[in-house]
Amino acid sequence: MIEYVKGELADVTPAYAVVDAHGVGYGMNISLNTYTAIQGKKEARLWVYEAIREDAYVLFGFATKQERDMFLLLITVSGVGANTARMILSEMTVSEICNVISSGNERVLKSVKGIGLRTAQRIIVDLKDKIISSGVAQELSSNAGHDTAMVNNSVKDEAVGALTMLGFSPAPSAKVVVAILKQQPDLPVEQVVKLALKQIK
């Protein structure tokens with residue numbers, strides 16, 4: 001079993017990454033969250049999930065162990081396959097998914113492409129206890145600490161919401177908005193959005 005692959009980032013797109021580890025190129029399907037975390041880097045370590053089927057051997061790569069843990073939880077839910085789980089992780093960060101599940105917000109889950117009302121409800125029912133018992137939620141709260149402490153969450157949420165309505169993906173938008181608010185915590189929403197529009201690729 002492959003736990004992770006570390007090496008030179010030979011190629012990366014928003015959905016796929018190739019890591020060259022000692023002359024072997026490992027091609028992995030990735031989420032937008034992982035793409036945001038590794039783009040522009042020369043080297044990367046991606047945590048791996050191996051999907052072994054009769055007709056294919058597919059690798060999925062994740063920038064953090066927490067993201068892989070969430071992926072593994074999502075694919076335990078009936079009706080959620082690997083590609084659907086990757087789609088959810090492209091639309092939301094792991095902490096956002098934890099919040100959506102713990103608060104029972106099926107509307108947000110249903111907004112993800114390929115997720116209907118029944119599947120959204122099943123994800124919430126099946127994983128509400130598991131995100132706590134698996135330790136994903138605790139790992140996040142202990143790791144989040146200083147990253148979010150200085151950020152005005154209401155301004156952040158409004159700015160990310162505005163950028164999402166403008167057609168940008170939530171995960172990269174959130175990363176840019178948080179970085180702006182860390183540097184200038186007192187900025188109003190409209191200024192944050194204007195700065196973010198200049199920075200989002």
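This is a predicted model: local features need pLDDT of at least 70, side-chain atom pairs count only at pLDDT 80 or more; totals for chains, interfaces and linings use all residues.
**Exercise 1. Determine what share of the residues is buried and what share of the contacts joins residues at least 24 apart.**

Solution. Of the 201 residues in the chain, 43% are buried. For the contacts, consider those between residues at least 6 apart in sequence: 50% of them join residues at least 24 apart.

**Exercise 2. Describe the packing of helix 9 (residues 153-165) against helix 11 (residues 189-199).**

Solution. Two packed helices are described by the angle between their axes and the distance between the axes. Here the axes of helix 9 and helix 11 come within 9 Å and cross at roughly 50°. Because of this angle, helix 9 is oblique to helix 11. The crossing of helix 9 with helix 11 is right-handed.

The residues in contact follow. Helix 9 contributes Val155, Glu158, Ala159, Ala162 and Leu163, while helix 11 contributes Val189, Val192, Val193, Ala196 and Leu197.

**Exercise 3. Classify the residues in the contact of helix 9 with helix 11 as nonpolar, polar or charged.**

Solution. The contact has nine nonpolar residues, no polar residues and one charged residue. Glu counts as charged, and Glu158 of helix 9 is among the residues making the contact.

Definitions and conventions. Residues are numbered from 1 along each chain as its sequence is written. Side-chain values use heavy atoms; hydrogens and water are left out. Axes are lines fitted to C-alpha atoms, for helices over the stretch in contact, and angles run from 0 to 180 degrees between N-to-C directions. Helices (H or I, at least four residues) and strands (E, at least two) are DSSP runs, numbered from the N terminus. Angles under 35 degrees count as roughly parallel, over 145 as roughly antiparallel, 65 to 115 as roughly perpendicular and the rest as oblique. A crossing is left-handed if the near helix is turned anticlockwise from the far one by less than a right angle, and right-handed if clockwise. Contact means heavy atoms within 4.5 Å. Buried means under 20% relative accessible area, exposed over 50%, partly exposed in between (1.4 Å probe, protein chains only).
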